[in-house]
Amino acid sequence: GMNAAVRAVTRMGIYVGAKVFLIYEGYEGLVEGGENIKQANWLSVSNIIQLVSSAAAHLPACPRWGARRRPELGCRRGAAAGGDGSLTGANIFRSEWGGLLEELVKDGQISEAVAKEYCHLNIVGLVGSIDNDFCGTDMTIGTDSALHRIMEVIDAITTTAQSHQRTFVLEVMGRHCGYLALVSGLASGADWLFIPESPPEDGWEDLMCERLGETRSRGSRLNIIIIAEGAIDRSGKPISSNYVKDLVVRRLGFDTRVTVLGHVQRGGTPSAFDRILSSKMGMEAVMALLEATPDTPACVVSPVGAVLMVVAVVACPLPTKDVQKAMDEKRFEEAIQLRGRSFENNWNIYKLLAHQKPAQEKSPFSLAILNVGAPAAGMNAAVRSAVRIGICQGHTMYVVNDGFEGLSKGQIREVGWHDVAGWLGGGGSMLGTKRTLPKTCMEKIVENVRKFNIQGLLVIGGFEAYEGVLQLVEARGQYEELCIIMCVIPATISNNVPGTDFSLGSDTAVNAAMESCDRIKQSASGTKRRVFIVETMGGYCGYLSTVTGIAVGADAAYVYEDPFTIHDLKANVEHLTDKMKTDIQRGLVLRNEKCHEHYTTEFLYNLYSSEGKGIFDCRINVLGHLQQGGAPTPFDRNYGTKLGVKAVLWMSEKLQEVYRKGRVFANSADSACVIGLRKKVVAFSPVTELKKVTDFEHRLPQEQWWL
């Protein structure tokens, strides 16, 4: 994702009228100068968004020479992308800046006038580290891509288990931070997990072998153990992957293999999440530099939830060092908390869902789970976690096949903990999903709600899921059986459900569209002078087109929300004509499927072909249903898992509130909600409230944050 950040800083800098210099080979390049420092133009960063990049990031042995380069270039502002070392180095460089200039004046390297003119230096950092170990930020550049590499390996290993009964010990990076191990453990449903922040209790060997034996005796063909390279026991002694393997072989006799992922995790093409995050952070960094004063401390751009914040760099490394101190002093509970709320939340959910613990007591409640609308990646992860957390709470858990239609036909069955094993990595919907709305079969739905004594309904799906629950709520006056607790988990590639910033499945769809566009762009590198018009799904919602457009560096993205005219199309054709005169002789235009009634994909193709005749030729690509398929991304697996847990915990709480004299009666607005991520928090919004801010004709929220 670093290249996307470099591209964004460069282009935003040029856009605001600044001179932008690119420094090659990290701080070393700053010291050596010459060919390592080049002024950038718009095309300097073309076609790099999909590449991996990095440079040596240690503070130069002679920062004075680095200091000398800046007045030579006329630079007062710098953006540094890197990990803890790079950003600490940038901060030291900035704090010693005045002294370095004085030395240069004393040695006659620069004049006093120059020193006065460049007396202060502003620096903004963009945190790039696959370990996600920088405190004060929810996500660092590169972490999501590393998780993609890990999950690709786990998915590949899972398929080999169909033919061989095996145990795999997977070692992932993380010498001091267990983030990658933790999130990949949560996303794969690993049987056992070792992270440095929380070493296993003494006697873990017996417990681990007992659990592995248990899962194998129930018919599981695969055991996965994930271990961070920095794993330790309670006394601080390292636990190696080979030690774990030998233990399993010796005690259980299982065929066991070790896979050390190593630098695979740093490679490959960046994920959509990383490209978009880096692009936004790069833009924000330029704005922060423009607004900086001589007194502004060195800052980092920090994503917190869906919001970007600019925070002083001095405030960040301190908690990072506190984590290490807590681990060294064996204060492990505290180490987990110091890693931040998200890390602690992941750890607690992993422990809840990995192994069945007997419920404290049987509850009187029955909950049913169904999928509604089109399939979306992550649906199965949400069903799995909802079923398991419901069982932990002592509820009777039912699943329904084929959405509301299945609910009306009585396609309802009770499920246990192990019935949803292995569901996490599956794409689409294991339960089956239909677009049927309840109003077409209301009486039969009511009949089955009564027959199975369902007191809670968890509906996982897209706009139809939201609309369907709204219809059930509006029918409460007629049918008392519908006075139950209802919750919608938004799951759709279109990201068009009100009440949430992100729908489950949209991250996987953006990655699928992005990978296709990367290949399409690559195909043009041989033919030259070619423009591709790519149609994406999304109904009237332009989220998929817009975000894919950012991730692949498209020339234009046509969406319904941003009306366009023939003049805009003409301007785009002229832009592409000019572009063909440069070294970058290819174009990529994205079009959302319902962006315009008359300017169809065919129309755009004809227009571009006609106007570009003799300059470039055109091709159409309709991405279609490939955007709905594929294995869920790490983001969607974990997002689905967390939403499933939070939704059922909320439903349990609400059921307790409305349980009187042995029955449930819920008819307040807040008894039927959409769960969603809104800015920084997971929120529950009543469907009756959301109705007021919904455009039902175009199936969209009236206000869309991403616009």
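**A loop and its surroundings**

Tutor: Let's start at Asn495, which sits in the loop between strand E16 (485-490) and helix H19 (506-527). Those labels are DSSP runs, numbered from the N terminus: helices are H or I with at least four residues, and strands are E with at least two. Keep in mind that this is a predicted model, where local features need pLDDT of at least 70 and side-chain atom pairs count only at pLDDT 80 or more, while totals for chains, interfaces and linings use all residues. Residues are numbered from 1 along each chain as its sequence is written, and side-chain values use heavy atoms, leaving out hydrogens and water.

Back to Asn495: with 4% relative accessibility, Asn495 counts as buried (under 20% relative accessible area is buried, over 50% is exposed, and in between is partly exposed, with a 1.4 Å probe and protein chains only). Its phi is near 55°, a positive value in a residue other than glycine. Most residues other than glycine have a negative phi. Asn132 has a positive phi too, near 50°. Asn132 lies in the loop between strand E4 (122-127) and helix H7 (143-160), and at 9% relative accessibility Asn132 is buried.

From the Asn495 loop, the chain runs into H19, and H19 is one of the elements that the buried residues of helix H20 pack against. The others are helix H11 (272-291), strand E17 (530-536), strand E18 (556-558) and strand E19 (586-592), with contact meaning heavy atoms within 4.5 Å. How enclosed is H20 (residues 543-552)? Eight of its ten residues are buried, so the helix is largely enclosed by the rest of the structure. Among those eight are Tyr543, Leu544, Val547 and Val552.

Now zoom out a bit. The protein is divided into domain 1 (1-140 + 270-323), domain 2 (143-266), domain 3 (356-504 + 632-701) and domain 4 (506-628), with bounds from an automatic or database domain assignment. Between domain 1 and domain 2, about 1,100 Å² is buried, of which carbon and sulfur atoms give 54%. Buried area here is the accessible area (1.4 Å probe) that two parts lose on being put together, summed over both. Between domain 1 and domain 2 there are zero salt bridges, a salt bridge being a side-chain nitrogen of Lys or Arg within 4 Å of a carboxyl oxygen of Asp or Glu.

Elsewhere, though, the structure does have them: it holds 28 salt bridges. One joins Glu464 to Arg699, whose closest N and O atoms are 3.1 Å apart. This pair links distant parts of the chain, 235 residues apart: Glu464 is in helix H18 (residues 463-474), and Arg699 is in the loop between strand E25 (694-695) and strand E26 (700-701). Glu464 is buried at 6% relative accessible area, whereas Arg699 is partly exposed at 29%.

Another salt bridge joins the side chains of Lys654 and Asp670, at 3.1 Å from N to O. Lys654 is in helix H23 and Asp670 in the loop between strand E22 (663-664) and strand E23 (672-678), so the pair ties together parts 16 residues apart in sequence. Here Lys654 is buried at 12%, while Asp670 is partly exposed at 35%.
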